Amino acid sequence: HLLSEYQRLKFSRHILDFDDLEWYTYLLLNKHENAAWIQYKLDQCIEHILIDEFQDTNPTQWNLLFPLLEELASNIQENTRSLFFVGDTKQSIYRFRRANPQLQFTASQWAKQNLGAKLFETDRSFRSSPVIIEFVNKIFSENKGKPLLDSFRTHEAVQTKLWGSVQIDPLIVPENKIDNRSEFRNPLLQAKTDVGVSCHYREGQAVAKHINKLIADSTPILGHKQARILRY
């Protein structure tokens, strides 16, 4: 009922949210009676398709993109258009909006089979220090006897002398019990008891406290060229 009312309010005010934009675009390219014509017209305008952070693609986004890729593949011999995807599955952070890092593998295999695409993998980090990369390797390589990700390969830091530090804090344990009451509540007047919020807040406090201490102690770090005092 709440979703229906929400949709009605948006419709009455001629408003679309981000989910609407994704969904209606998907319908336009896949379910509309003129979908083939729309795909054709879009195809005439596209020279290159470039997508960054592909690991955060969700199924709706992939399905609205796929007709354009099929159009690209149907004329691949007659043009010089290109496709370029960039992604890192271990950096996927949008699961809350249905991001599926496995789609990166799906897209890679499809592009290879239908467009003759090449896969370029890089395991060298130009940004992070060796101690950070070693920690990442440890986290993703040692998970109950098997890698955390099937496709994970250990990384290396290009800047071998770059300063870095890893600190592991104690796990924050919930202080209060989860509210398991089953009766209905008025969400406008009574807040939901969510133990996760307090845990996340306390984690944020711990991180902020540590950052403040690093600044207060004038912690020296080694930059790209010379040592300097850590600052915000």
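A residue is called buried when its relative accessible area is under 20%, exposed when the value is over 50%, and partly exposed in between (1.4 Å probe, protein chains only). The structure is a predicted model, in which local features need pLDDT of at least 70, side-chain atom pairs count only at pLDDT 80 or more, and totals for chains, interfaces and linings use all residues. Residues are numbered from 1 along each chain as its sequence is written, and side-chain values use heavy atoms, with hydrogens and water left out.

Two residues with a positive phi were examined. Arg98 is not a glycine, yet its phi is positive, at about 75 degrees. Arg98 counts as partly exposed because its relative accessible area is 43%. This arginine is found in the loop between E2 and H5; helices (H or I, at least four residues) and strands (E, at least two) are DSSP runs, numbered from the N terminus. Ser218, also a residue other than glycine, has a positive phi near 50 degrees. Its position is the loop between helix H7 (195-216) and strand E5 (220-222). With a relative accessible area of 39%, Ser218 is partly exposed.

Salt bridges were searched for next, a salt bridge being a side-chain nitrogen of Lys or Arg within 4 Å of a carboxyl oxygen of Asp or Glu. The whole structure holds 9 salt bridges. One of them joins the side chains of Glu5 and Arg8, with an N to O distance of 2.8 Å. These two residues are about one helical turn apart, because they stand 3 residues apart in helix H1 (residues 2-12). Both partners fall into the middle class of accessibility: Glu5 is partly exposed at 32%, and Arg8 is partly exposed at 45%.

A second salt bridge pairs Asp17 with Lys10, whose closest N and O atoms are 3.0 Å apart. Asp17 counts as buried because its relative accessible area is 19%. Lys10 is likewise buried, with a value of 7%. The pair belongs to a network of salt bridges that links Lys10, Asp17 and Asp20.

A further salt bridge is formed by Glu156 and Arg124, the closest N and O atoms being 4.0 Å apart. This pair links distant parts of the chain, since Glu156 lies in strand E4 (residues 156-157) and Arg124 in strand E3 (residues 124-125), 32 residues apart. Glu156 is partly exposed at 46% relative accessibility, and Arg124 is partly exposed with a relative accessible area of 46%.

The surface was also examined for patches, which are made of residues with over 30% relative accessible area and no salt bridge; like charges are joined within 9 Å, and nonpolar side chains (Val, Leu, Ile, Met, Phe, Trp, Tyr) within 5 Å. Leu16, Phe18, Leu21, Trp23 and Tyr24 make a nonpolar surface patch of about 550 Å². Accessible areas come from the Shrake-Rupley method with a 1.4 Å probe, and for residues only the protein chains shown count as cover. Leu16 is found in the loop between H1 and helix H2 (18-30). At 52% relative accessibility, Leu16 counts as exposed.

Pockets were located on a 1 Å grid over the protein atoms alone: a pocket is an open set of points with protein on both sides within 12 Å along at least five of seven lines, and lining residues have an atom within 4 Å of a point. The largest pocket contains about 1,800 Å³ of space, where grid points are joined across faces, edges and corners and the volume is the space filled by probe spheres set on the points. Its lining consists of 48 residues, and those nearest the centre are Gly87, Asp88, Thr89, Gln104 and Phe120. At least two lining residues come from each of strand E2 (82-85), helix H5 (102-115), E3 and helix H6 (130-141). H5 gives the most, with 9 residues.

Helix H6 also contains Ile132. Ile132 is partly exposed, with a relative accessible area of 28%. The C-alpha atoms of Ile132 and Val166 are separated by 6.8 Å, although the two residues are 34 residues apart along the chain.

Cysteines were considered last. A disulfide is taken as a pair of cysteine sulfur atoms within 2.5 Å, and by this rule the count is 0. Cys45 is exposed at 64% relative accessibility, whereas Cys199 is buried at 10%.

Definitions and conventions:
1 Å grid on protein atoms, 1.4 Å probe; cavity = no way out; pocket = protein on both sides within 12 Å on 5 of 7 lines; lining within 4 Å.
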